[in-house]
Amino acid sequence: MAMGQSILSDEVVISYASKNKPLSVVLNELSDKSGINIVFSERRIPSNSKVTISAINQPLGNILIAILKKRKCRYDLVGDEIVVSRISSRDLNRTFTISGYLSDKNTGELLVGANVYLFDKSKGTQTNEYGFYSLSLPKGIKRMYYSYLGYKQEVEEFKLNGDTILNKELIADVELNQIIILDDVENQEEPQTVSQSKLNLDRIRTASSLMGESDVIRLVGMMPGVDGGADGLGGMNVRGGSADQNLVLLDGVPIYSPGHALGLFSVFNSNIIKNATLIKGNIPARYGGRLSSVLDVRTREGNNKKVSGDITISALAIKGAIEGPIGSNGSSYIFSARRTVLDFYIKRFTESQNELNGDIGFSVYNFMDLNGKINLKLGKKHTLYLSSFYGQDVFENEKLDVDFVSSTSTTFSKDTQLKWDWGNRVYSAKLVSQYSKKSFGRLTAYYTGFEFDSFELDDFVTTDTIETRRVYKTGFFKSGIRDIGIKYDFDYLPNTTHLIRMGLGAIRHDFSPGLVSLNSSDQLVALGEEITPTLVESEIEDTQLKGDEFFGYIEDEITLGYGTTINFGAHVNFTKTGTNSFLNIQPRLSLLSKWDNAFFKVGLTRMNQYLHLLSSNGLGLPTDVWLPSTDRLGPEKSWIGVVGLGLFTSSGLRMGVEGYYKIFDDLTTFNEGGIPKISADRDWEEILPIGQGKAYGVEFYFDKIIGRTTWNSNYTLSFSDREFEDLNRGGNPFPFRYNRRHNIKLGLLHKITDNTEFTLNWNLSSGNPITEPSGEVVSTNGEITIVYLDKNGGLLPTYHRVDLSFNFYSKYKWGRTKLTLGLYNAFNRQNPFYTDIEQKFDNSNSYNIVQFSILPIVPSVAFSVSF
């Protein structure tokens with residue numbers, strides 16, 4: 001029977017102590033102390049067994065379990081009374097399995113990571129990524145608790161006489177995007193063997209945002225150990241690793257470029273996200289293919305009860321989602337779309353600004369993304385998921401600057417062009433099957449691809465009465481990667497102390513990199529001929545690189561008792577590259593020990609990465625080219641060690657410290673100050689530096705998760721270096737480009753009223769390392785070469801940003817609304833977005849270092865309607 005939320009007889013909290021008292025006396029004293037009638041027969045229990053126990057502020061049920069379990073007795077609730085009896089030897093040895101699914105009562109949405117446990121928490125589990133749980137228990141009366149963050153707890157008491165299927169629908173506590181207020185610690189995230197942070201939908205949608213656009217990766221950026229360039233440029237860099245070392249998954253499928261606008265916004269539309277998990281250390285064996293971290297983003301299945309949807313208009317974009325049932329068997333669909341609305345105004349504004357300066361030109365930028373998901377129920381135990389994602393960015397900047405100096409009859413003109421076009425494509429089909437009450441499988445076939453084309457031109461022409469001189473720099477690079485993959489994952493729960501996971505997979509990689517950098521000495525065009533993207537791209541001979549990757553894994557999470565859990569396993573990867581092949585066995589081991597108010601964890605992880613991302617680390621905007629492992633470029637490797645200690649209180653305070661150490665091998669990069677031509681007609685692999693690195697640091701956090709005012713605060717001390725034999729004056733180590741030595745973050749939320757809340761984000765951190773020119777210029781035949789100092793020897797100014805926002809909620813008969821008003825970078829801090837070198841207008845043999853800060857104080861406005 002389902003039971004309400006009133007306190008049950010065995011939930012009464014008391015304090016009690018005894019020393020060598022008979023069991024019958026102890027039971028009578030507990031009855032008097034608690035005011036609960038405890039019924040027993042002295043002939044049917046070991047009534048003279050001596051009991052010594054001391055309990056302070058504990059539920060009566062916990063005290064009884066501690067006393068009775070050792071004496072092979074149990075208790076049952078009968079009305080308002082507690083009945084104590086002896087457990088028969090036959091019942092003691094028989095176990096049965098309870099299994100089922102947890103879902104949202106209003107939408108049918110499956111609940112991932114929900115808690116299922118006995119009253120005394122002696123046995124329990126969590127639902128998997130498809131809301132399924134399985135728990136083996138001895139025969140007898142059981143009381144199960146079902147809880148999930150943001151939902152009302154459910155209690156079910158029943159007699160377990162055989163294998164039982166028990167599906168539960170939980171009722172949501174909040175609506176639309178409101179933040180969830182915890183009144184106790186029952187629903188907080190339990191410590192895990194992995195170093196992870198779970199981000200639920202309410203946190204993603206409520207956090208302070210840029211231009212009113214809620215963003216999961218911006219929220220991830222507020223976690224300890226996560227760095228990046230200013231305002232997201234440079235991607236997400238976790239614990240000293242680079243952006244390409246993050247395994248970013250969308251419903252289990254890798255996505256190569258998770259950012260719009262070079263990282264200012266993520267490609268994940270919050271309208272469709274269910275939850276996200278960031279794993280920074282002690283990475284389980286089921287994950288592989290990257291060196292540093294995992295960001296696992298899960299999307300919603302869609303409402304299978306009724307048609308519903310929402311639409312949001314912000315200062316940046318307009319987005320919406322529609323979802324509903326397909327038939328009456330639990331099938332559903334969900335579709336979402338988002339597009340920027342500022343491109344028309346950006347173009348008109350930049351045209352007018354150029355005209356005011358006497359120039360001709362404009363800038364335009366836009367992005368869009370589309371998500372779709374169809375869930376088809378194929379009977380009670382099988383579901384087919386069909387998913388797709390499309391994302392695209394377009395940026396173009398053109399400017400013609402002309403000046404005439406009458407005293408020398410000289411005309412100077414500078415033509416600057418920058419054109420970028422990039423995007424992701426993801427398509428997948430997944431068959432999810434429950435084979436039995438203890439086994440669960442997933443078969444996935446997918447395609448994922450990423451394309452980036454970039455054209456840059458600086459064309460400088462000087463004309464006087466004697467001659468016309470032309471100096472130009474131009475480049476074109478393209479980076480394409482397309483994967484076709486298939487994988488099978490299998491989960492088996494033999495009992496409550498083991499969770500075994502295993503899987504196999506294969507991926508076919510298809511790369512099409514290309515990069516060329518030209519200048520006047522290459523004589524690409526005649527003096528008056530136009531330089532076009534097509535012309536520069538034609539200098540690249542198509543390079544097609546293919547590779548096959550095969551992998552398998554097995555892991556076992558074992559509960560050893562006394563609060564100790566161990567997760568161990570291995571991930572095996574085999575790659576075929578041309579004439580060579582690589583076999584890598586990656587052991588994984590982690591341990592967690594939990595006490596009443598504390599925990600300790602430690603782990604060691606070996607990781608392997610088949611892919612390489614060449615990134616320019618010096619001045620200017622980034623240039624990233626994806627490459628596979630080849631006969632010369634072997635897979636990248638890392639070791640990750642983690643140790644941590646945490647404390648938590650019943651009042652909702654959490655604090656802790658975690659240290660990490662990483663070792664990287666077989667890393668690749670560009671040469672500083674020069675980008676090689678990547679083309680089929682060049683032996684470009686031979687000139688790419690190959691090196692190693694290390695990263696280490698310590699993270700501190702202090703959070704409050706209960707009450708109307710909550711916060712997440714942390715400080716990270718981080719060191720990350722790279723070492724290449726052919727770089728930095730003979731192989732001297734140098735700092736990693738996107739590492740910040742000191743990083744302080746605070747995220748605060750205050751619930752002003754039931755319908756109004758205030759949020760604040762604060763970030764203060766060291767500047768990123770950069771490579772600065774020495775000030776020397778070498779000129780040869782009219783071409784200048786800039787001399788650089790030590791690699792990443794300079795430092796950008798300190799980064800400091802405060803974001804503020806208010807959320808207002810309203811409810812009507814037809815639906816709900818949310819209004820967000822806020823300020824991004826409220827103190828108008830001119831944080832450097834990037835720095836670059838710029839030739840002086842009147843002297844092409846001289847240059848300035850220019851700092852670009854593109855995000856001053858920015859209003860954040862968004863209005864959402866849900867129906």
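**Salt bridges and their setting**

Modeller: Glu-757 and Lys-751 join their side chains in a salt bridge, with 3.4 Å from N to O (a side-chain nitrogen of Lys or Arg within 4 Å of a carboxyl oxygen of Asp or Glu). Glu-757 is buried at 0% relative accessibility, and Lys-751 is buried at 4% (buried is under 20% relative accessible area, exposed over 50%, partly exposed in between, with a 1.4 Å probe and protein chains only). Elsewhere, one network of salt bridges with shared partners links Glu-213, Lys-319, Arg-338 and Asp-369.

The model is predicted, with local features requiring pLDDT of at least 70 and side-chain atom pairs pLDDT 80 or more, while totals for chains, interfaces and linings use all residues. Numbering starts from 1 along each chain as its sequence is written, and side-chain values use heavy atoms, without hydrogens and water.

Helices (H or I, at least four residues) and strands (E, at least two) are DSSP runs, numbered from the N terminus.

In total, the structure contains 41 salt bridges.

Helix H1 (residues 23-34) packs with helix H2 (residues 60-68) at an angle of about 180°, and their axes are 12 Å apart. H1 is therefore roughly antiparallel to H2 (an angle over 145 degrees). H1 contributes Leu-23, Val-26, Leu-27, Leu-30 and Ser-34 to the contact, and H2 contributes Leu-60, Ile-63, Leu-64, Ile-67 and Leu-68 (heavy atoms within 4.5 Å). Of the residues in this contact, nine are nonpolar, one is polar and none is charged.

Next comes an open sheet. Its five strands run in the order S15-S22-S23-S18-S19, and their pairing is mixed (two strands pair if DSSP finds at least two bridges between them). Strand S15 (195-200) and strand S19 (253-254) are the edges, each pairing on one side only. Strands S22 (residues 273-281) and S23 (residues 293-299) pair in the antiparallel sense over six bridges. Ile-279 is placed opposite Val-294 of S23.

Ser-720 lies in strand S43 (residues 709-724) and is buried, at 2% relative accessibility. Leaving aside residues up to four places away in sequence, Ser-720 touches Gly-240, Lys-694, Ala-695, Phe-734, Pro-735, Phe-736 and Asn-739. From Ser-720 to Pro-733 the separation is 13 residues in sequence and 10.0 Å in space, C-alpha to C-alpha.

Methods
Axes are lines fitted to C-alpha atoms, for helices over the stretch in contact, and angles run from 0 to 180 degrees between N-to-C directions. Angles under 35 degrees count as roughly parallel, over 145 as roughly antiparallel, 65 to 115 as roughly perpendicular and the rest as oblique. Ala, Val, Leu, Ile, Met, Phe, Trp, Tyr, Cys and Pro count as nonpolar, Asp, Glu, Lys and Arg as charged, and the others, Gly among them, as polar.
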